[in-house]
Amino acid sequence: MTISALDRLRLFLRPPGRGLHTNSTGGWYAASVLKKLYGTDSPKEISEKWEESLQKIRRVEGVVFGIPSDVGAGILRGANLGPIGVRDAYLTKYQNFPKGVMDIGDIIVIPQLLHDEMLNEAQLKASRAELYPGISEPLPVSPLSIAELLYSTLVELNPDLKIYMIGGDHSVAWPAMVSCHQRFGKDFGVLHFDAHSDLMESRLGVKYCFATWACHASRLMKPHHMVQMGVRTSSKTKQYWMEKFPLLQIWAHEVPGKEVEVISQVLQYFLKSGVKRLYITNDIDGTDPSFAPATGTPEPNGLSPQFVLGLISAMKQKFQVIGGDVVEVAPPLSGSRDFSQEKTCGVAADYLHALF
C-alpha cells in the first residue's frame, strides 16, 4: 500500500514543539507556543488545528517547520529546544506568522539518531517499529533522513512552496541543501551566516554534522554560488578555504565600518555568478554573543543584528529567496526557562521574520 503525501506528513511531523519525545517530562516546554499559535491548550483542539494546517499546504506560499535535533553538534548542546524557543519569542513579538506562511510543526526526533546512513539494519528495524507501527514501507527514522523526505513531500504537494526551517544544530541545513538541488539542480545560491566555515569533509568520521554540511552542499551548486559571512575562527586561513572551494568568504573583522561596501560586494558576487534563487542559512553564532549568547559555540567579535538584517533585506530585493533557516539557538544555555523573553531567541525571531 502506497502512503499518500499527506499521510507521510502525519507520520513525520508533530504539532509545533511536540517533535521532542516528552511523554514523561518536559512537555511544558511546548505549552506556551501551542497556546499562542492555536489559542487553546486543549489537546483535541490542538490536534484539529494542526491537521487543518496540513490540509492547507497546497494553498499557501510558505511553511515553517522545526527540526529539534542537536545530535549533529559537538560542543555545548541545547539546540534541540531551538524550534520551541524561537517560536515562543517570534509569537510574542509578532503575534502570528505573515499571511500566506503557516507553521506545520516539528519533525519527530529520536534524540540519539542523526542520519540513516549511520544505522545498521537492526536499529533501522527497531526505530521504524517505534515511529511507524504497522507500516511495512521502509521509511526513514533519523532526523536528517526524515527531513530529506519531508522536503520532497512538501514540494510534491506544492511545487512553488517556500520552506523555512528552525533548527536544531547546523547539520539540519543538509536536508535543505538536498531539497534545493532536487528542485533546481545546481542553479541556486546560498548565503551562509556563521562564525565557522563548516567545510570539513568529515568530523571524527561523521559525514553529516554541524562542521561538514557546507562542504557537501558546495558540490550541489555551481561554482561561486556560496557566500560565507561572519567567519572568525578556523583551523585554516580564509585563503585556504577560498582556494579549496569556489566560494566567497568574508570574515567578521572585515565588516565593521564597511557595512555598505560589504553588502554591495556580496550582491555583485552573486549577480556576477548568475545566481537568481537564494537560500539563506543563518547560524546564530555568526552574530556577536553580546547579542546572541545562547549557542553551543559562541565566538567573540561577531556580526551585529543590524548588519545581518540589512544584508538579508538587500538579498531579498535582488534575488528570489526560496527558503532559509535559523539554527544553533540553544535556549537552555541562557539559564532562562522563559524562552519568549530570552535574548538569543528574540534575535533569532527577528532573523526568521526577515526571511519572509
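Modeller: Two strands pair if DSSP finds at least two bridges between them, and strands (E, at least two residues) and helices (H or I, at least four) are DSSP runs, numbered from the N terminus. This is a predicted model, in which local features need pLDDT of at least 70, side-chain atom pairs count only at pLDDT 80 or more, and totals for chains, interfaces and linings use all residues. Residues are numbered from 1 along each chain as its sequence is written, and side-chain values use heavy atoms, with hydrogens and water left out.

Colleague: What makes strand β8 and strand β9 a pair?

Modeller: Seven bridges link β8 (residues 277-283) with β9 (residues 320-327), in the parallel sense. The definition asks for at least two bridges, so the two strands pair. Within this pair, T281 stands opposite D325 in β9.

Colleague: Where do these strands lie in the sheet, and what makes β1 and β7 edge strands?

Modeller: The sheet is open, with nine strands in the order β1-β3-β2-β4-β9-β8-β5-β6-β7 and mixed pairing. β1 (13-14) and β7 each pair on one side only, and they are the edge strands. Helix α10 (residues 259-273) packs on the sheet and touches β5, β6, β7 and β8, where contact means heavy atoms within 4.5 Å.

Colleague: Why is strand β6 called largely enclosed?

Modeller: Buried means under 20% relative accessible area, against over 50% for exposed and partly exposed in between (1.4 Å probe, protein chains only). Six of the six residues of β6 (residues 226-231) are buried, so the strand is largely enclosed by the rest of the structure.

Colleague: Which strands pair with β6, and through which residues can this be followed?

Modeller: Strand β5 (residues 189-193) runs parallel to β6 and is joined to it by four bridges; F193 stands opposite M229 in β6. Strand β7 (residues 248-251) also pairs with β6 in the parallel sense, over four bridges, and M229 stands opposite I250 in β7.

Colleague: How is the chain's path from β6 to β7 described?

Modeller: The chain passes through helix α9 (residues 238-244) in a right-handed β-α-β crossover. The term applies if, with the strands pointing away from the viewer, the path from the first strand over the helix to the second runs clockwise.

Colleague: Which residues bring helix α6 and helix α7 into contact?

Modeller: In α6, L144, A147, E148, Y151, S152 and V155 meet W174, P175, A176, V178, S179, Q182 and R183 in α7.

Methods. Axes fitted to C-alpha atoms, helices over the stretch in contact; angles between N-to-C directions.
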